[in-house]
Structure formats: structure tokens, C-alpha cells
Amino acid sequence: MVEGTTLLILLTGGVIFFGLIGYLVMMYNGLVRLRKDINEAWSNIDVLLKQRSDEIPKLVDAAQEYMDYEQEVMNEITQARNKAQKASSPQAKAEADKQMRGALGNFFAVAEDYPNLKSSEQFQQLQQRVSDIEDQIADRREFYNQSVNTYNTRIHQIPYNLMANMMGYSDKELFEATEEEKQDVNISNQFNN
Amino acid sequence: MSNLRYGASAALIIIGIASTVLLGELPGGEDAVENFLFSTLVFIGGVGLFNWGFGRFRRLQLVRDTPTQKIRSMSMGTVEVKGDAGVVSQKFQTPITNTDCVYYEYKVEEYQSDGDDSHWETIDNGKTSEPIGVDDGTGAAVVEVSEAEIELPDEDYQEKLDGGEEPPQHIQEFIDRNENVEEGNNEMLTIFDNDRRFTEYYIQPGDHLYVFGYAEEERREDGTSYPVIKEGQAPMFYVTDKTEEYLRNRWGWTYKAMLLGGIILIPLGYMLMAGMMGML
């Protein structure tokens, strides 16, 4: 026969112990899921950046015939595309994205001076397609950055920071251009025709 | 993870009960078995609460850690969206009050009293299963509510009739009609002997919706596609008319209360079982 008090203490201790194990497992799984969500969110942005990049040559081809003398604008957009294709880290891609948005804004602003181009059905479709992709990129950028902020905050909170240190987790980069890049061109006026 | 949790709970219950049955001996007496079963229920209840508490904690984690997506750029996979409810295939009218809605649940309960045991028993219930729409201003998606756990915590309509009281016209018409219902029995009399309670929960067009589920693209016959939120591979498929803040507050304290309840009841239940079996 077991003494009642001893049994009660052992049982309560056992339940708390297994509860703590369960809590630690859920903490671990939660951190793993946060990290996985960030990777997935990043892939979803990357897909759109590539789609936009694929549309650029078609846009340039459609406009070439009409905007023959606007080589500077054409070159700007082609250079922005090349930079975007070479970028790998989130910050590099964010800077390339900002440059691309500026180049597209200038491109569409100049296209306003060519009514024949503007009335071209092909050009209108491409312009709409790029505009739709830009909206989606903006949404997914916001989603990605929210995911990163949640993760970066969590790995510094007690008690998650202890587990994060053991797992070797460190801060993730936001999809955000640097302060210098942010002082650049005002895109909204140029891009919203 | 859910399977592991349920498996561990089942194992704990089996081990707990088996250990007392195998190591102890039930004394004689009329109430011995009843008392032992009561203590077993306390023990099982404690394990259930503990399990449930972890389930609520997991839900809280999912809701807290998943940012809301805009429907126009929603990626396929696990998503959280918020928006206004809308019609997809058809609007409904709730069966009792004839209110226009896109989704409803109803139940009819009767108050049954048998000596010391009195309770409300559900004698008829039903709900719709047609998909509904959610629109967040950037786009719209279809929500397969038939697969979802739908929680509408506040009843939109409830009316209680005393036994012998003649029902109002809309309830009389409901009793006569009672069609377009997916599940439930109809065993009601026009004048009831016992107290009856009629309740409706519904989602109207324009009501706020919180949806957590799995987004996929489905194709129409003409080749165009539209987003659908269903159960899929999401860790949960949940729809409610409450806000995310409400869910986080509620699940935030319920998981702690359940875990605490489990920590108290599991040892208490086991001690009672052990005591009944003469092990203490």
C-alpha cells in the first residue's frame, strides 16, 4: 500500500512533468512551422517576381516599334530586370524590386505620350497584367514581412529564445529596401495611370 | 500531432485504470462499483481536459502565428482570411424566423424532468451545407462549409415556450413545414406537454467572417479558375463570425483553465480509483 500523500505528490508531479514535455514539443513545432511559413511566403513572392520579369521582354517588344527614341527608358527597365534576376537575398531582391517599380513607373509615364501604343490591345493587356502582378507582389510582401516579424519577435521572447538558441535559429531578413533606396522616386504617381 | 496527443491520452487512461484494477481489489458493497466508476470518470475527465487544453493551445498558436492574407493574392495552402459573407449558389431562409441568410443552424429542445435529473434535450436540429462566399474587398473565395468546424457562439434567435402554451404563428408554420433540412427528426406536437426552446444561428450576407483553412484553385467548365477554401491539408478548418481578437482571448484563457483542470483531476481521479481499490 502506498501512502496517499506520496502518491498524490508523485502523480501531480508526473502530470506536470508530462505537461511540460508536451508544451516543449509544441513550442518546438511552433518555431519550425513559423520558419516553414516564412520559406513558403518567400517562394510565393519569388514566383510573382519571376512572372513580372517574364512579362518585361514582351512589354519592351510591344513598345519598341512606337518608342524607338526612348532608349533611356528601355534600357532602364532592361537593367532593372537584369538586376532582379541576379539578386538572391530578400534585401537584394527588395532593392531590385524597388528599382523595377521605378523603371516601370517611368516606362508607363513615357508611354502616355504615344497614343498609338496606348490604344494597342496587346500593350493594354500587358500593362494590366503587370499592374495585377504588382498588386499581388505588394500583398505578398506585406504577408512575408508580417511572417518574418512574428518569427523574429518569437525567437527573442522567453521561453522561446532558449529553444531557438538550441536550434540555431536567428533573425530572418525582411523584404524591404534600405533607407537610402526608400528616399528615391515617388512611384505611386507614375504608376497609377 | 493530434494523433500523438490522442494516442498518449488513450494510453494514459488504459494504464491508469489497468494499474488500479490489476494491483487493487474492489471491496464488496452495493455502491463499490458505482463509486469506482465515478472515480474512473473523474480520471478520464481529467485526461480529456488535459488533451483538450493542448488542442486549444495549438489552435491559439495557429491563429496567432498566421498572418491574414488578401484573397486577390492568396497563395494555395494553409490560409487565414477575413471578410464579409456572401452568396455563392443560393440564399436561404432560416426555418423558424424566415430570415435571409447564407448559412443557418437550428435546434429544437425539450425540457425533460425525471425526479432529480432535469435537462434540455435536443429533439430536432438541422443546418445547411451549401458553400458560402467570403469577400475581403480585394477578391472573393468560396468556403466549403460542409467540411468546416463552424462556430457561431451567440444565438441569433431563441424563443422558449412553456408546456401547454400555444406556439406563435411562425413556430406553428415551422412545425408544419420543416423542409430543406439536412439532418434531424421531426417528432413535435402542435401543443407541447413540456417546455420547448427554439434556437437559430445564422450567417447573413455582409456578416463578418473569419476563415482558417486550405486554399485551392478549382476550374470551371469554361477554363477560368476561382479560389476555394476547404479542409485539405490545413491543421484546422474553422469558420466563425467572431473576430480574431475574440478567438485569441477566448482560447488564451481556456487552454490554461483546461490544463489546470487536468492537472487537478488526473491525480485526484487516480487517487479516488486507488482508494476504491484499497491501494491506499
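**Notebook: sheet, pockets and confidence**

I began with chain B and found that β9(B) and strand β10 (residues 196-203) of chain B pair in the antiparallel sense over five bridges. I noted one residue pair: B:Arg196 in β10(B) is the bridge partner of B:Leu161. The model is predicted, and I read every entry here with that in mind.

**The sheet in chain B**

I then traced the sheet to which these strands belong. It is open and has four strands in the order β5-β4-β10-β9 (chain B), with antiparallel pairing. I asked why one side of β5 (117-127) and of β9 (157-161) of chain B is left without a neighbour in the sheet. Both strands stand at the edges and each has a single partner strand, so one side of each remains without a neighbour.

Helix α3 (residues 169-177) of chain B packs on it and touches β4 (103-114), β5, β9 and β10 of chain B. The direction of this helix makes about 95° with that of β9(B).

I turned to the open spaces. The largest pocket holds about 670 Å³ of space. Its lining has 24 residues, and the closest to its centre are A:Phe18, B:Ala8, B:Ser9, B:Leu12 and B:Phe50. The elements giving two or more residues to this lining are α1 (4-64) of chain A and, from chain B, α1 (2-23), α2 (32-65) and α4 (244-276). By class, I recorded 16 nonpolar, seven polar and one charged residue in the lining of the largest pocket.

The second largest pocket has a volume of about 350 Å³. Of its 19 lining residues, A:Lys36, A:Asp37, A:Glu40, B:Gly77 and B:Thr78 are the closest to its centre. Two or more residues come from α1 of chain A and from β1 (77-86) of chain B. Which element gives the most to this lining? It is α1(A), with seven residues. The lining of the second largest pocket divides into eight nonpolar, seven polar and four charged residues.

**Confidence in chain A**

Last, I checked the confidence. Chain A averages a pLDDT of 85, and 91% of the residues score at least 70. Where in chain A is confidence lowest, and where highest? Helix α8 (residues 187-191) has the lowest mean, 40, and helix α6 (residues 160-167) the highest, 92. Over residues 181-193 of chain A, pLDDT stays under 50, and the model has 23 contacts beyond four places in sequence for this stretch.

Definitions and conventions: Residues numbered from 1 in each chain as written. Chains lettered and ligands numbered in written order. Predicted model: local features only at pLDDT ≥ 70, side-chain atom pairs only at ≥ 80, totals over all residues. Heavy atoms only, no water. pLDDT = per-residue confidence, 0-100. Contact = heavy atoms within 4.5 Å. 1 Å grid on protein atoms, 1.4 Å probe; cavity = no way out; pocket = protein on both sides within 12 Å on 5 of 7 lines; lining within 4 Å. Points joined across faces, edges and corners; volume = space filled by probe spheres on them. Nonpolar A, V, L, I, M, F, W, Y, C, P; charged D, E, K, R; others polar. Pairing = 2+ DSSP bridges. Axes fitted to C-alpha atoms, helices over the stretch in contact; angles between N-to-C directions.
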